[in-house]
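Welcome! Take a look at the sequence and the model below, and then let us walk through them together.

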Amino acid sequence: MRKIIRIFWKKNDGDLTQISYDEYKANLIDLSEKQRNAAYEKAWDCRKFEIELYWKRATYFWALIVPTFAGYFALMNSQNYTKTDYYNHAEVFIVICIGFILSVAWALVNKGSKSWQRHWEIHLDLLENKITGPLYKTVSPNETFSVSKINEIISWFFTAIWILLAYKFQGDQGLT
């Protein structure tokens, strides 16, 4: 199981190195005004790009998960499902597995996307004081809902639904 997780889980060692604030200041904040402004604009562009990709990925997974649910319910409500099948209606279980894998993938992609968005937001936090002042850091003191967190919860919720549907399927087949 750990080998499978390692395929999808990427540690930061190797590709990215964490640097101290002093190193960051020396390398980016203390640049010329032109270079610092260019870095700031690049960070904004990258953040916007990550948000755009986040929603494209969410749409992609919705576009795959919704038909998977439709396929599941179509198979479950078909007349063939009430008949005895040599393979115990394996096609239903395959659809459940596809839905489960897509939902888990969606949840993990949500986490990865949010991580990269936050990466660029940290750059903005560090660079903005000398460019715009604390514009990005100044927010309403009231708590707000996180759209990305809600999306992540929904993706895990769908994962749980697929697990419940698999359990129901096994019960229908007399496998539990």
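## Some ground rules

A residue is called buried when its relative accessible area is under 20%, exposed when it is over 50%, and partly exposed in between (1.4 Å probe, protein chains only). By that rule H123 counts as buried because its relative accessible area is 18%.

This is a predicted model, in which local features need pLDDT of at least 70, side-chain atom pairs count only at pLDDT 80 or more, and totals for chains, interfaces and linings use all residues. Residues are numbered from 1 along each chain as its sequence is written, and side-chain values use heavy atoms, with hydrogens and water left out.

## The overall picture

The protein chain holds five helices and zero strands; helices (H or I, at least four residues) and strands (E, at least two) are DSSP runs, numbered from the N terminus. Of its 176 residues, 30% are buried.

Contact means heavy atoms within 4.5 Å. Among contacts in the protein chain with a separation of 6 or more, 79% join residues 24 or more positions apart.

## Helix α5

Helix α5 covers residues 147-172, 26 residues in total. From its first C-alpha to its last it reaches 37 Å, close to the 38 Å expected; the expected span is 1.5 Å times one less than the number of residues. After α5 comes G174, with a positive phi near 75°.

Buried residues of α5 include S155, F158, T159, W162, L165, A166 and F169. An α-helix has 3.6 residues a turn, so residues three or four places apart point the same way. The cover over the buried residues of α5 includes α3 (33-76) and α4 (90-127).

## Two nonpolar cores

A nonpolar core is a set of buried Ala, Val, Leu, Ile, Met, Phe, Trp, Tyr and Cys residues joined through side-chain atoms within 4.5 Å. The largest has 16 residues, of which I65, Y72, I96 and W162 touch the most other members. Helices α3, α4 and α5 each supply at least two residues of this core, and α3 gives the most, with six. Another core lies apart from it, with nine residues, among them Y24, A43, C46 and W120.

Which residues does Y72 contact, leaving aside its neighbours within four places in sequence? They are V92, V95, I96, W162, L165 and K168.

## Back to H123

H123 sits in helix α4. Not counting residues up to four places away in sequence, H123 touches Y24, L28 and A43.
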